[in-house]
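Have a look at the model first, then read on.

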Amino acid sequence: MVFLFPTDKLCLGTAQMGMNYGVNNALHRQPTEEECFLTLEAALEAGISFFDTASVYGNAEEILGRFRLAEKGAITTKLRADCEDTAEAVLTELEKSLNRLQTNSIYCYMLHRSSDMHRKGIMAGMAAAKSRGLAQKIGVSVYEPFEAIEAIVNPQIDIVQIPCNVLDNRWEKAGVFEKAKAQGKEIQARSVFLQGLLLMDPKDAEAKVAGSGVYVEEFQKISKTHGFTPKEAAFLFILGNENISQVVFGVDNAEQLEEIVEIFGKTDSFDACKDELKLLQQKINLPRKVLSPYLWDGVKILAIVQARLSSSRLPKKVLQDVCGKPMIIHELERLRNSEQINHIVLATSEDSSDDELAETVASVADIYRGNLNDVLDRYYKCAKFYNAEHVVRITGDCPVIDWRIVDEVISRHLSEKNDYTSLTERFPDGLDTEVMIFSALEKSWKEAKLPSEREHVTQYVKKHTEIFKIGEYDNKEDFSNMRWTVDEPRDLEFIRQIFKALYLKNSDFTTQDVLELLEENPKLKEINCGIERNEGLKKSLQADEKLKNIQYGGSHMQSYKKSKELLNRALKVTPLAAQTYSKSYRYFCLGCAPSFMERGDGCYIYDVDGNKFIDYMCALGPITVGYNRKEVNEAVIEQVNKFASASLQSSLEVELAEKLCQIVPCAEMVRFVKNGSDATTSAIRLARAYTGKEKVLMSGYHGMHDWSIGASENHKGVPEAVRSLTENFKYNDLQDLEEKLKNCDIAAVILEPIQSDGPKDGYLQGVKELSHKYGAVLIFDEVVSGFRYALGGASELYGVKPDLASFGKGMANGYAISAVAGRKELLEQIERGVFVSTTFGGDAVSMAAALATIKILEQPGFYEHIKSIGNIQRSGIVKLIEKYKLQNVLSVTGLPVHAGISFEGCGSLSYLDIQSVYSQEMINSGILVFAIYNLNAAHTEKEAMAYLDASEKAFAQIKKAVDADSLDGILVGGKVDPVFKRNIK
């Protein structure tokens, strides 16, 4: 027979000779010594001269020794995985293997696990074995591509052995073969038949390993179509890979070996089949659970590292660079050295915000993706997928995690037969390790209800000591004041300093190494001192105090204890305890509503007591694309790392001005300031300078400055001379406007172009024509309407260009920036003595946020989405008002994207009485809203239906109050009592 491949490309694996090995074992038992000898003789006769064994393969080494195989062929054996980390231990183990093999030297001594490459003592022993001639080469057996790459770049490693078969495309994707060729390293392939799975009936394969059946069936179908058996196709596919120096295969007997040898004769007709199998391999994306036989029957000890990128205090913290690597990679690499953990999985969310994390870690560890917020659900389903017996919980913000301490906790857990075991808080914060049996995790998953229990995974177990056996691993010294975890920028700087000092000297540095470093450099501890330990858990526990099921549409929120405490403190130092009238506690029912917010996420906010609300205030309008929006955060962080304000202007000023000139119809030039009042006042000053006139006509609310607020009921402190220069005109009434224009010499007509239900047909165009007829500058105050109704505001929506327009709220998703835009000849007056100048007008952080926000607003469908949600809510409110026959006290006002309810008094009840009932019930249902709602990109139909459900409950209570002409038994807290009433009743 003519072979297209040399027989020295074959290496006979001998695991079957020492144990009942493989899922497709033809003998269903370990072969006898006589059967093993026959197989070895057949191999030698076929020209096979390389053999692979290990001390853990039962008595395989003894059988090879009695056969005197070392005198006839080259043997590779492997170091035991539990070998001590000393050179002496390695050499002792090798001596035992040499005695069993009855030889003085072997071809290759191989590490049985990649983590041993990080152990100095073991690698010193391997080097000594080679230098003393006990082994010609040093190798390592790996399971994952990242392990192979580590081995390839290790100068001590000569051979890298990988599991390689037709269903496994990970090695090509990771560039393992290319890197090995570049480094001159040998690649051996094993598990060619996937321990026999590829040779089984597809139904049996699926029963053995869920998810494999369909691919085994397709593989076998392709093989049969081209006239090959599964065994032939599986073997030839790997044998034909020119990047592989040797193929390690196992057989149960001599007959199977002869079948393998005969396959060599078919290689010249395999090309067509190989091409189809390559296509099959390329499209497959099987989980490691299928590709790794050691996972088939479950994992005894599974480490699950939880991480996601949506950290509110330090976004993307786990991907932050530490000594040239993402922080999470360091943590996973340190954990891999564990002698107790059988498998490590990174559990992140299935939300798109965590795609980058999954991609970054994919080459280093298994990835399991689950629920974004219900971390307990994510853990349970991950553990169930891997059929784990014990689960080790590690959080992804602990880059100095010490595997030695992890192993101690696991050992304590197993020896005491605990249900749950953890470190005490006498260890530094950042070494946190928890171990639990799967049944404890499963019971928690089924029964845990509170937010803290779903977010922090082990809370249910720890609280139920009457059910679970709890153990602890304590520390002799108290280091609880030390913080080695990462939640804030200061923490990250601390970790970077630790790694800078220790990592390059020894990547596997110990907890003791860190303690000694801190003893020598005590100032390092000051970098992140004073940060509260377990702050995230404490916030979750706050949410458990009273409310047992915090969900919108549920019952009352929990107590507002922390809000009340902060309110009492704030009232002593801040008028109304707020910086903005409309955010004051007096806009809500005192005692039954939140006063202080902790964080936001999308269209949800969380108050300081842990209550969760759907937010329809959106910070009084600025939040257009959602709280904590990834793209905006990234732009802001990037700029923060450069500067916020500086001695010269930034390029962002030019870029943002150009963008506004592109999207705002009237904008020929732009001037940036900080808030809406600045922008409207700047526009008025420009108009007065341009026309040489002083008086202004206004319609709407235009901010806090004297010229505007002096014409309202909130005019205290404004000189009469200033008040006399501004007069209000009626919206949607051209006759009223013209009469006022006739009677006064007007510099500017300023109005909010969209009020109530919007302008009548032709109204805005009429305002423009009248303004110009009487020599006044027309100003659109688009602080509210800009970027919310349309990208170019009301001007774009109604096709009317004013002379000037002011913008603010919605352009930067909550960051403080505003602008006055308009005709060049008006804006150029700033160069000729019209003073419009602020130190923070060029705030680069806010400009970066604005550019990122506008980029999102420009995406196709943005405004259609907002409008569709608004239509659902507006039409739903109309129907509910009709249903409860409340037309005399409630009415709907506003366009769909910015609509809501107007209140009227009835009987002895004032409009504020009615509004108070509405506010109380909406808050109780988890909806934060005044009367008019704002929408952002994160609101969906789900939130719209929750809003309408809450509205129905509120209307039912309003109906009850109106019918009784009393608030008795209905209103629990104080009444809504705003100081500033924008629309006077």
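Which residues of helix 6 and helix 8 meet? Pro-145, Ala-148, Ile-149 and Ile-152 of helix 6 meet Val-176, Lys-179, Ala-180 and Gln-183 of helix 8, where contact means heavy atoms within 4.5 Å. Keep in mind that this is a predicted model, where local features need pLDDT of at least 70, side-chain atom pairs count only at pLDDT 80 or more, and totals for chains, interfaces and linings use all residues. Residues are numbered from 1 along each chain as its sequence is written, and side-chain values use heavy atoms, with hydrogens and water left out.

**Helix pairs**
- Helix 6 (residues 145-152) and helix 8 (residues 176-183) pack at about 5°, axes 10 Å apart, and are therefore roughly parallel (angles under 35 degrees).
- Helix 10 (residues 213-225) and helix 11 (residues 230-239) have axes that come within 9 Å and cross at roughly 95°.
- That makes helix 10 roughly perpendicular to helix 11 (65 to 115 degrees).
- Phe-219, Gln-220 and Ser-223 of helix 10 touch Pro-230, Ala-233 and Ala-234 of helix 11.

**Around strand 12**
- Strand 12 (residues 343-349) has 7 of its 7 residues buried, so it is largely enclosed by the rest of the structure (buried means under 20% relative accessible area, 1.4 Å probe, protein chains only).
- Strand 9 (residues 301-306) runs parallel to strand 12, joined by 5 bridges (pairing takes at least two DSSP bridges).
- Ile-304 sits opposite Val-345 of strand 12.
- Strand 13 (residues 366-370) also pairs with strand 12 in the parallel sense, over 5 bridges, with Ala-347 opposite Tyr-368 of strand 13.

Terms used: Axes are lines fitted to C-alpha atoms, for helices over the stretch in contact, and angles run from 0 to 180 degrees between N-to-C directions. Helices (H or I, at least four residues) and strands (E, at least two) are DSSP runs, numbered from the N terminus. Angles under 35 degrees count as roughly parallel, over 145 as roughly antiparallel, 65 to 115 as roughly perpendicular and the rest as oblique. Buried means under 20% relative accessible area, exposed over 50%, partly exposed in between (1.4 Å probe, protein chains only).
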